[in-house]
Amino acid sequence: MSNQSRRPGFLTLLVLALSFFLIGPLADPALAQSRYASIVIDAGNGEVLYRANADDPKYPASLTKMMTLYLTFEALEKKRIKLGQSLTVSRKAASQPPTKLDLKPGQRIKVEHAILALVTKSANDAAMVLAEGIGGSESRFATMMNQKARRLGMMQTRFRNPHGLPDERQVSTARDLATLASALIRDHPKYYPYFSRASFTYRGVEHPNHNRLMGAYQGMDGLKTGYIRASGFNLAASAVRQDRRLIAVVMGGDTPAWRDAHLAELLDQGFATPRTPAPLVASLRAPAMPNRKPDTAGGNVEVASLEEVVDSSDLATLAATVSPPLGAAGSAVVAETAVWGVQVGAFSDAGAGRKALDTVSRRLPSLLAQAYPQMIQVTTGSGRLFRARLMGLDETTARNVCASLERAGDDCIMVAPQGL
């Protein structure tokens, strides 16, 4: 979708109490401390390798379409619909805001084309066509979505529409969305390959897949991007290396490039972790919350997944930040070409590194409010070391952090965009 928003004020105690009583604790993602959340799971055994704010309610944006597709695949499996069947476009479907295929009322579109439109372009009009074709109406389909969410164990998710356009009542969590991604892969292996489509051509117009990591991250084969102003940039993705599948979800990125590079880094760390690991270090600080709920009427329309507006220079930047490139050997480090950071030490024990990161973050909360942790394992002549870093800073902030730590007699090394 489009644009971003900044920090919110806190809800009054009265509104908090009423919303909790009337709607439940999931009513408003602003109750969480941040719009950032992430999780990495091993799809083979369900083990959580990493989590940060994974159970905090967030706006799913177009990650919602994963459930729309799950129910579509289920309807195909049960032969309630067919891939070659044509569905009629209603006025409501045609009136959905971009991103869309610009379908017209009365026009007909094949089920398979609608699926591909969701996977690649994240078309909101096609999502509504599927919802009405399968459920009979948007509200009935939303009920089906919520029923399926409960059956899959997505206990903190509430759906109101099939596409993820702004609705303050539509919330989920990183953990629930990882559960949904896992269910798509497990329950619908026949149809999951749709998510790997690089592009989709409809009526002579080619629509590239919004998931830019598909062509940049080794082993990635799906799933879905999402964005509205209140959610930030979201991505649920899965990759396979050496017969091991990981699923990662990142929510609340400030830019598509940051989100993609961060998710790639989390996957790298996951693949570098033994199959029975201790949890990876969780984010100590995260990007700021949206300063308001999604707009549902009036003003500028916030649209879902408006991510095709990425020029070649953006793609070049993304390719430079993602590690490893296609065909390269696996690496547990993402080359940070767009951000600065600080290294607070190199430790023989990962736990000591995590403790150091936590201590520094607590000492300098204002300077490190936007930082995210990075633990880099390196092998030296004397054994393993873990470089403890806080990334996501600009150069000035990185210098100020090191200056403050050095004044206190602590070690600090600036990490330039090309890394150390």
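**Exercise 1: H2 and H6**

Work out how helices H2 and H6 are oriented to each other in this predicted model.

*Solution.* Start with the description: two packed helices are described by the angle between their axes and the distance between the axes. Here, the axes of H2 (residues 65-77) and H6 cross at roughly 90° and come within 10 Å. Now for the cut-off: angles from 65 to 115 degrees count as roughly perpendicular. H2 and H6 are therefore roughly perpendicular to each other.

Next, look at who touches whom. On the H2 side you'll find Met67, Thr68, Tyr70, Leu71 and Glu74, and they meet Phe141, Met144, Met145, Lys148, Ala149 and Leu152 of H6. Sort the residues of this contact by class and you get 8 nonpolar, 1 polar and 2 charged.

**Exercise 2: H5 and H6**

Find the orientation of H5 and H6, then list the residues that make their contact.

*Solution.* First get the numbers: H5 covers residues 124-135, H6 covers residues 138-152, and the two pack at about 85° with axes 8 Å apart. That makes H5 and H6 roughly perpendicular to each other, because the angle falls in the range from 65 to 115 degrees.

Then the contact: H5 brings Met128, Ala131, Glu132, Ile134 and Gly135, while H6 brings Glu138, Arg140, Phe141 and Met144. By class, that's 5 nonpolar, 1 polar and 3 charged residues.

Now put the two exercises side by side. Phe141 and Met144 of H6 turn up in the contact with H5, and Phe141 and Met144 are also listed in the contact with H2.

**Exercise 3: a cavity**

How many cavities of 30 Å³ or more does the whole structure hold, and which residues line the largest cavity?

*Solution.* Searching the whole structure at that cut-off turns up 1 cavity. The largest cavity holds about 30 Å³ of space. Sorted by class, the lining has 6 nonpolar, 3 polar and 1 charged residues.

**Exercise 4: buried or exposed?**

Decide whether Tyr372, Pro256, Lys79 and Arg203 are buried, partly exposed or exposed.

*Solution.* Take them one at a time.

- Tyr372 sits in strand E11 (residues 372-380). Tyr372 has a relative accessible area of 3%, and buried means under 20%, so Tyr372 is buried.
- Pro256 belongs to helix H8 (residues 256-271). With 24% relative accessible area, Pro256 is partly exposed. Pro256 and Gly232 are 24 residues apart in sequence, yet their C-alpha atoms are 8.9 Å apart.
- Lys79 is in the loop between H2 and strand E3 (86-88). Its relative accessible area is 70%, and exposed means over 50%, so Lys79 is exposed.
- Arg203 is in the loop between strands E5 (199-202) and E6 (205-208). Arg203 reaches 62% relative accessibility, so Arg203 counts as exposed.

**Exercise 5: the backbone**

*Solution.* Check phi: Lys79 has a value near 60°, positive in a residue other than glycine. Arg203, also not a glycine, has a positive phi near 50°. Then turn to omega: the cis peptide bond runs from Pro98 to Thr99. To place Thr99, look in the loop between helix H3 (91-94) and strand E4 (108-110).

Conventions
Residues numbered from 1 in each chain as written. Predicted model: local features only at pLDDT ≥ 70, side-chain atom pairs only at ≥ 80, totals over all residues. Heavy atoms only, no water. Helix = DSSP H or I, 4+ residues; strand = E, 2+ residues; numbered from the N terminus. Buried < 20%, exposed > 50% of the residue type's maximum accessible area, 1.4 Å probe, protein only. 1 Å grid on protein atoms, 1.4 Å probe; cavity = no way out; pocket = protein on both sides within 12 Å on 5 of 7 lines; lining within 4 Å. Points joined across faces, edges and corners; volume = space filled by probe spheres on them. Nonpolar A, V, L, I, M, F, W, Y, C, P; charged D, E, K, R; others polar. Axes fitted to C-alpha atoms, helices over the stretch in contact; angles between N-to-C directions. Parallel < 35°, antiparallel > 145°, perpendicular 65-115°, else oblique. Contact = heavy atoms within 4.5 Å.
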